Amino acid sequence: MNASPPEGLAPPLAVLLELTHRCPLRCPYCSNPLELERARGELATGQWTRVLDEAAAMGVLQVHFSGGEPTARTDLEALVAHAAGRGLYTNLITSAVLLDRARIAALAAAGLDHVQISFQDSEAAGADRIGGYPGGHAKKLAAAREVKAAGLALTLNAVMHRQNLHHLPEMIELALDLGAGRLEVAHVQYYGWGLANRAALIPTRTQLEAATATVEAARVRHKGRLVIDYVVPDYYARRPKACMGGWARQFLNISPSGKVLPCHAAESIPGLSFENVAQRPLAAIWAQSEAFQRFRGTGWMPEPCRSCARAEIDWGGCRCQAFALAGDAALTDPACALSPHHGAVLALAEAESEAGREAFVYRQIGARIPA
C-alpha cells in the first residue's frame, strides 16, 4: 500500500514476541486466540533474530519474550542473547514450569534482564486446578527462587478472578516471600479464552471492592519494598482504560507465525488484515499497515468519544471489547459509562458473577467453546 506514516509517529516502546502457542498449562483465561498456532507454523530462529534487528533499528527499547510458554523454544537463549546484543531490555514472561537452575543460569548468561512468573493461586491445590497442570505450583516456587539466586529481577503476575480473589492477601505475601520487586495484581481481561470462561471467572462487585481496598492498603504497608501494579476488570469501570496505551501507539505484538498485531486480541476483530514480518519490514508495518492505522489516534472516533475531554487519555478504550460486547469495533468501549451499552454490560457482569458457575473450558487445541 502507498499510505504514508502518520506525521510525528513515534516508534513503539515495546514489542512482545509470542514465540509459540505451545504451553503445558491450560489456563482458562489465556490471552492467546481460541485457534492456537501449531508448532510447524512458528517463525524460525533466523526470522526472529531479523525481527529483533528491525525492532532495535526502529528505536524499540524493550522486548518481551512470551507465548504460550516461551521456554518451550530451544532457541530462547540465542534470541535473548541477540536482543541483548542489540541493546534491548529483555523480559521473559513465563509460567516457569519448564525452568530449572541450569536453564535460568543459561538465560542469565545470555543477557536476560527480567523474569515475570505467572501464579494462578497462592496454594497448590487451587493453582494446579486453575492452570490445569498438576504439580505446577511447586515448580513455579522453585523457579522463582532460582531466578532470584541468579540475580535477575523478578515480577510475580497474580492473575485474579472470582475463584481465587479470596487469596489475594496470601498472593501479596507470596510475592514478598519470594523476593519479588514487583507484583502485578491483574484481574482477568475478558478476551479470547477469558471471554469464553467469563461466567466462571468474573468477580462480584463486592469482591472487586474488597480487592481494591486490599491492594491500596498493601501499597502503603510495603512501600519501598514491593511495587504493586493493579489491573481491574473493565466491566465494573465507569471510564475505559487506554488499552495498550492506545491502538498502535506504544506497543506491538507479533504472533508465532509472524503476524504483527496492535494487541493480543486484535485478530478477534473481523475485517482487519494483519501483515506478516516474513513478507514486510516491521517498521513499514508499524507506520503504514491499514490495520494499525484503522484505530490509531482520534480521527476514527464516533461520538461521544470524539468530543470527550479524555479522547487523548483513554484513546477510546478497547476496540476488541467494543466488538465483543457491542458488535462493532468502532463503537464506544462499553466500559465507558457514556456508552449506550454500558448498563447492559454491567448487568451482565453482575448476573454472571452471582450465578456461581465454576467449571472451566481449559485452553487447548480443539477445545469446544460453549455458544
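Predicted model: local features only at pLDDT ≥ 70, side-chain atom pairs only at ≥ 80, totals over all residues.
The mean pLDDT of the chain is 94, and 97% of the residues reach 70 or more. Residues 1-5 are a stretch where pLDDT stays under 50, and here the model has 12 contacts beyond four places in sequence.

Next come the spaces. Rolling a probe the size of a water molecule over the atoms shows where empty space is left. In this model there are three cavities of 30 Å³ or more.

The largest cavity holds about 80 Å³ of space. Its lining is made up of Pro240, Pro304, Cys305, Cys308, Ala311, Asp314, Gly316, Thr332, Cys336 and Leu338. Sorted by kind, these lining residues are seven nonpolar, two polar and one charged.

The second largest cavity has a volume of about 50 Å³. Around this cavity lie Cys243, Met244, Trp247, Pro262, Cys263, Gly317, Cys318, Arg319 and Cys320. This lining divides into seven nonpolar residues, one polar and one charged.

A pocket, unlike a cavity, is open. The second largest pocket contains about 220 Å³ of space. It is lined by 16 residues, and those closest to its centre are Tyr191, Gly192, Leu195, Ala265 and Ser268. Which elements give two or more residues to the lining of this pocket? They are helix H7 (192-196) and helix H13 (319-326). By kind, the lining of the second largest pocket has 10 nonpolar residues, five polar and one charged.

Conventions:
Residues numbered from 1 in each chain as written. Heavy atoms only, no water. 1 Å grid on protein atoms, 1.4 Å probe; cavity = no way out; pocket = protein on both sides within 12 Å on 5 of 7 lines; lining within 4 Å. Points joined across faces, edges and corners; volume = space filled by probe spheres on them. Nonpolar A, V, L, I, M, F, W, Y, C, P; charged D, E, K, R; others polar. pLDDT = per-residue confidence, 0-100. Contact = heavy atoms within 4.5 Å. Helix = DSSP H or I, 4+ residues; strand = E, 2+ residues; numbered from the N terminus.
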